[in-house]
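Below is a short report on a model with its sequence.

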Amino acid sequence: MSAWKDYVTAALLGSGKSVLPALPSSVQSVLGDTETLDAESRFLTHAGALALWRRAGWKPLRQEIAVVAAEPESTASLGRASIGHLRAMLAGRCLSVLPEWLGEVARLRRHVPPELLPALLDRARQERALRSLVISAGGQRALWLAAQNPLWSFGESALPESWETGSRDQRLAILRRWRTETPAMARTKVEEVWAAEPAEIRTAFVAELATHLSEEDAPFLERLLDDRSKEARRAVIDLLARLPASPFVARMIARVTPLLHFTKGGLLSRATLEVTLPGDSDAAATRDGLDPKAFGQQKILGEKTVLLVLLLSAVPLRHWTETFQQTPAALLKAVQKSEFARALATGWAWAALRQQDATWAEALLDGGIAPHGEFLPAKPLLTVLPDAARAVRLAALLREGALTKKDTARWQDFFNLLSTLPGHLPPALARDLLAALRRECADGLPWHLRSLAESFLLRLPPSMLGEAAQGWPIDQEGVAPLVEILSFRHDALTALTQS
Amino acid sequence: MQILTTEQVLALAPDAASIKAGQGLSNPGKWVSLGRDDRAVWGECQGSGKNPYRTQADLTGPAFQCSCPSRKFPCKHGIGLLLLLAATPARVSETAAPAWVAEWLTKRQASAEKKAAKAEAEDAPVDPETVAKREADRTKRAAKREDRVRAGLIDLETWLGDLARQGLAHAKQQPAQYFDTIAARMIDAQAPGIARRLREWPGVFASGDGWADRALAEAGTLRWLLHGFSRLDTLPEGLGASVRQAIGWTTAEQELEGAELQRDRWQVIGQIVEEEDRLRVQRTWLIGEETRRPALCLSFAATNQPLDLSLIPGTVIEASVAYYPSGAPLRALVRERHGEPKALVNAIGCETFAEALQRTAELLAGDPWLERTPCLVRECLPLRRDDTWWLCDRDGAIVPLARQFPHAWALLALSGGAPVTVFGEWDGHALHPLSTIAGERFIALGGALA
């Protein structure tokens, strides 16, 4: 409407600087005569009438719109109580329960109410671990909504088209899927792009090949021993050492066999395992990763001891039990007095870890020889044990005082071990854990241990939560939030199954 | 007993901090005792002190009482108690009210009766002499105020004239003080309605594209208010009331005594609380199921003081309301309520924006100074185009959503690409949604969602 534009232009500069713009006749006729007013009042009177005229006659634009609606949900909506719990968590209360709760929502074939999806997706954007949980608990609506906002694009599964162009994470996700479904094809894909990739990506790709690793991968991995990157080569050796029939392992066996000599015990003498240290690495040995400086331990342990550890770590443990016709426990007993006892235990522990050998792991744990921690993460052998055996050993650690407030590092170690148990803790272990926590809380819990303590409580089986909320020294500092987690978790999980 | 839903309880919270704290207290473990009967719910909450706080809510109000020192209303304990009741009613067993609850309820009952008695006493006939004196006093006070307003509006006329002559580009460069001074003058002149509008001017100038259009429209609207005041004697009664209301005259509740009552089943369709000058203003919109008439209930409170909590979005109440006099009666007062509120599941709205905007035009014809009009449209689709949110009706007509509307993504999520009913306030430029009904679920959008 041009009359209004004329008025706005005049108003910007000041009404005195131009003549009074004309009004549309329909407005003019309603307004009547305004000439008795002074110039400014007349200007504003006209402008006010026009503004009202425009506002009362405001017409919406029109647009042709094609919208694809979300698929209908095949799951049930949540009850009122559960929606309340979700709102509470999104408002910051007991937020640590959210991942488990979302998992339960999906498992029970329910879906969260749509109006809370934006808040959940925003949270998932910041917390990678929540992403798949939000998508699966959000039903069809979550997929539909995430597709509307580029910030939430993690909702889409990575498309194979972006294998060469996608982000690092997308490419790894694609490779992971290929490797799970068609392992040989996945390897070929890595082989095709290998030369063009930076070292960091090459290393990450090799690590993905650990899934469905087989002897078929050996020729490709063997070639990679000549790769430029030390990190990539180390990742390659880690895989080759798990392939007992590979030429690489055969070479390692050939190198290590002359070094160990087992002598059976007699009536008056105990069995012994004599160790000859390896010689300096030649070019071929260096290519196979036998680098005395590889772990920075050469000054402390000696270069040749490091080489011994590296050799042992790449040899199938079966080789020793078969060659010497001894059980792992007997072999460990034989080396107890050896000056190389710890080096041997380290190499074998590393091998047990790579080969996931539970028998050796049990023997090493009971053998009383501590491996050199620098080569391996803390208490790694527990992760090799079957879940039940691991739970028993974790309970024993608790009884030995793994949770004492004075030693934060041990809490963290224990937590890491606990995280290797899938799902909820077995009830017996859970009970021991609760008893230990309650004991440590008797005179309050320091703040820096609270989030760890909280994560322990999130692992308790839901059936125990009722009893678990009882018997805490609730008045002590830091204890009330723990009890709240327990009772909130109990209420929130129970409500999901009831309504 | 009517148990409020979580959404309804959250709508009662005075601020986001209370919601958060209330969520924390909605855990039964925080409560030493809990109970309810057919009228009230109560509990003792262990705080930092030696004795637990005693929290109680009369659900017929709802009204709250708590022994904690918080000046917020309702306090976090009150919110927590009702959230707990909404989420896990089984944890709050029905039992006889303890003495401290019964005492409070009795007191409330007594004070309600006293108030009724007092109202009756004021209605009681007094001798003609007193009546005449009261009337004379009132007339004198009214005349005095009118004189002050008249003097103030002469200054406003001069100020607007200067503004028009010097131009909006000039005004845009003025410091905030330029507007503060004239706004303060309007307060002196007892024209607070104009003062409030003037205080929004710096915001209008800073509002980006189209600011000059908005500033000129506002200047013209104020100029028309001056015209209205100068002809107050000759205006029809309703329009005159609108002029007086826009300038800042208030109508006391007692003045509505004789007003006609409109009885209907009123859908409480939307609610929003805004801060204005250390004052919280709550706007609650009702729509009559029978008459389809909108009604706007206002509640004012200083920060931390209670707002009226009796109208809960998402409910339908059978009630009689009295409209304040106006050229386009909208503001109203709930006079009498009949029966319990019910859940709102299906709103009666316009089918198109054209229809809704036609109603807005009719309201503006009665009161050109209305700042917002209600807009309830069925089957519309939220959309995002070029970084702006729109609502599209069944005819393909689109209206923009207000930029400051915080829940556009939630509204989109609720629609899932299928049409939903949306209620909002239309300010002449954009729609600010306050609620939606999607798949028979009413969702309030005027406050926090989580």
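Leu78(A) is buried: 22 other C-beta atoms lie within 10 Å, and the cut-off for that class is 20 or more. In this predicted model, Leu78(A) sits in the loop between strand S2 (76-77) and helix H4 (80-90) of chain A. Leaving aside residues up to four places away in sequence, Leu78(A) touches Ile83(A), Arg110(A), Val112(A) and Pro113(A). Asp227(A) is 149 residues away along the chain. The C-alpha atoms of Leu78(A) and Asp227(A) are separated by 54 Å.

**Domains of chain A**

| Domain of chain A | Residues |
|---|---|
| Domain 1 | 2-56 |
| Domain 2 | 76-155 |
| Domain 3 | 160-240 |
| Domain 4 | 260-383 |
| Domain 5 | 387-498 |

Between the C-alpha centres of domain 1 and domain 5 of chain A the distance is 75 Å.

**Helix H10 of chain A**

Which residues of helix H10 (residues 183-193) of chain A are buried? They are Ala186(A), Arg187(A), Lys189(A) and Val190(A). These residues lie on the same side of H10(A), because they cover an arc of only 155 degrees around the axis. The cover over the buried residues of H10(A) includes helix H9 (168-181), helix H11 (199-208) and helix H12 (218-224) of chain A. The face turned away from the buried side carries Met185(A), Thr188(A) and Glu192(A), which are exposed.

**Contact between the chains**

Chain B puts 57 residues into the contact, and chain A puts in 58 residues. On the side of chain B that touches chain A, helix H10 (residues 211-230) of chain B gives the most, with 10 residues. By class, that side of chain B has 34 nonpolar, 19 polar and four charged residues.

Strand S1 (residues 61-62) of chain A and strand S12 (residues 397-400) of chain B run antiparallel, over two bridges. Leu61(A) has Ile398(B) as its bridge partner in S12(B).

**Confidence**

The average pLDDT of chain A is 88, and 98% of the residues score at least 70. Where in chain A is confidence lowest, and where highest? The lowest is helix H23 (residues 408-419) of chain A, at a mean of 80. The highest is strand S3 (residues 110-111) of chain A, at 96. Where pLDDT is low, predicted coordinates should not be read in detail.

Note on methods
Residues numbered from 1 in each chain as written. Chains lettered and ligands numbered in written order. Predicted model: local features only at pLDDT ≥ 70, side-chain atom pairs only at ≥ 80, totals over all residues. Domains from an automatic or database assignment. pLDDT = per-residue confidence, 0-100. Helix = DSSP H or I, 4+ residues; strand = E, 2+ residues; numbered from the N terminus. Buried ≥ 20, exposed ≤ 12 C-beta atoms within 10 Å, placed from the backbone. Arc of directions from axis to C-beta. Contact = placed C-beta atoms within 7 Å. Nonpolar A, V, L, I, M, F, W, Y, C, P; charged D, E, K, R; others polar. Pairing = 2+ DSSP bridges.
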